[in-house]
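Let us walk through this structure step by step. Keep the sequence and the 3D view side by side as you read.

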Amino acid sequence: MSFPLHRMRRLRGQPWAREMVRETRLHKSMLIEPFFVGEGKGKREPVKSMPGVLQLSVDTLIEECALSQKLGIGSVILFGVPGKKDPVGSEGYAEDGIIARAIRSLKKALPDLCVIADVCLCEYTDHGHCGVVEKNGRLLNDPTLELLSKEGLVYAQAGADMVAPSAMADGQVRAIRQALDASGLETVPILSYAAKYASAFYGPFREAAQSAPQFGDRRSYQMDPANAREALREVELDIEEGADLVMVKPALSYLDVLRRVAERSPVPVAAYNVSGEYSMVKAAAERGWIDGDRTLMEILTSIRRAGADVIITYHAREAARILGGS
Ligand code: PBG
């Protein structure tokens with residue numbers, strides 16, 4: 001008896017067959033859309049290195065979020081571009097700082113939208129590092145924890161549905177958890193940027209948030225791109241400290257890390273499809289070198305296939321349009 005010819009193509013020939021046996025599905029409810037908010041009114045300033053992304057003011061943020069919500073996006077994450085910066089990032093944890101105000105207005109206007117607040121100081125410090133630094137540029141871990149927990153608390157009190165520490169300071173999840181619990185905010189979840197790499201793919205974000213470090217780089221606190229086992233340790237520690245979700249960031253060059261984390265993590269896993277990953281797609285699509293829509297859907301599907309439960313992506317709206325329906 002001869003071996004049968006295995007006709008793998010039987011289940012590929014028709015749309016209904018492909019739809020029926022598809023292993024990985026994307027849903028709009030998994031997507032989180034990032035927004036940049038600054039001072040002023042009526043602001044819709046394009047971010048040059050991120051076509052389609054805008055720097056907004058609080059009023060236009062509400063309009064844009066309402067549109068996203070109409071398209072079926074259920075969650076957003078906010079980044080602040082403050083009017084003034086100082087060495088300790090005061091605007092990040094001032095009760096009337098840009099993000100605290102944005103959260104209050106947004107929750108009032110769109111109460112059902114999940115508003116996540118990024119908790120970090122790099123957008124608010126004049127030196128652009130993620131916390132307090134010594135003269136030689138070294139990040140001071142424990143003094144930074146105090147400020148981060150203040151910041152997380154202010155955002156949660158303003159009404160944030162979730163806070164997302166991204167400074168990569170050791171102990172930041174525990175510090176924020178303690179601050180929230182001590183103020184009766186024990187129901188606010190923490191989405192921890194657990195495995196955050198020192199990546200060149202953050203370049204366009206730093207233009208959008210005007211947060212490029214003025215000296216040095218972030219390699220003394222963000223992870224070395226060469227390390228995967230260390231990511232598992234970061235995730236384990238953050239879960240121990242009280243993280244409700246853990247994140248791998250960036251996504252595309254770290255799909256292996258994402259897979260390993262997803263296989264082990266007892267809590268849901270997020271992936272951040274970062275600015276540089278977005279801009280590369282946009283730049284190539286603008287030149288007609290690739291099909292932008294197909295590329296972005298392939299990218300988001302691969303991040304999901306690697307194990308992400310939720311995806312933070314600047315493509316959220318485009319994806320929601322393509323996915324259509326409910
Ligand atoms: C830190 C933060 C950064 C990003 C998200 N949170 C910048 C950094 O670490 O330099 C980058 C996200 C992106 O590139 O899209 N607040």
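A residue counts as buried when its relative accessible area is under 20%. Keep that cut-off in mind. One more point before we start: this is a predicted model.

Begin with strand β1, which covers residues 31–38. Is this strand enclosed or open? Eight of its eight residues are buried, so the rest of the structure largely encloses β1. L31, E33, F35 and V37 point one way. I32, P34, F36 and G38 point the other way. Both sets are buried.

Which strands pair with β1? Strand β4, residues 75–81, is joined to β1 by seven bridges. These two strands run parallel. Strand β3, residues 54–56, is joined to β1 by two bridges, again in parallel. Strand β10, residues 310–313, also has two bridges to β1 and runs parallel to it.

Find L31 in the view. It stands opposite I311 in β10. Next, find F36. Its bridge partner in β4 is F79. Its bridge partner in β3 is Q55.

F36 leads us on to the aromatic rings. F36, F79, Y193, F205, Y272, Y278 and Y314 form one aromatic cluster.

How are two rings described? A pair of aromatic rings is described by the distance of the centres and the angle of the planes. Ring centres must lie within 6.5 Å to count as a pair. By this rule, the model has eight aromatic pairs. Take Y193 and Y272 as an example. Their ring centres are 6.2 Å apart, and their planes meet at 45 degrees. Planes under 30 degrees apart would be stacked, and planes over 60 would be edge-to-face. The angle here is 45 degrees, so the pair is tilted.

This pair links distant parts of the chain. Y193 sits in strand β7, residues 191–196. Y272 sits in strand β9, residues 269–273.

Finally, look for charges over rings. The charged end of K249 sits over the ring of Y272, 5.0 Å from the ring centre. K196 lies over the face of Y202, at 5.8 Å from the centre of that ring.

Notes: Residues are numbered from 1 along each chain as its sequence is written. This is a predicted model: local features need pLDDT of at least 70, side-chain atom pairs count only at pLDDT 80 or more; totals for chains, interfaces and linings use all residues. Side-chain values use heavy atoms; hydrogens and water are left out. Rings of Phe, Tyr and Trp (its six-membered ring) pair if their centres lie within 6.5 Å; planes under 30 degrees apart count as stacked, over 60 as edge-to-face and the rest as tilted. Helices (H or I, at least four residues) and strands (E, at least two) are DSSP runs, numbered from the N terminus. A charge sits over a ring if NZ of Lys or CZ of Arg is within 6 Å of the ring centre and within 35 degrees of the ring normal. Buried means under 20% relative accessible area, exposed over 50%, partly exposed in between (1.4 Å probe, protein chains only). Two strands pair if DSSP finds at least two bridges between them.
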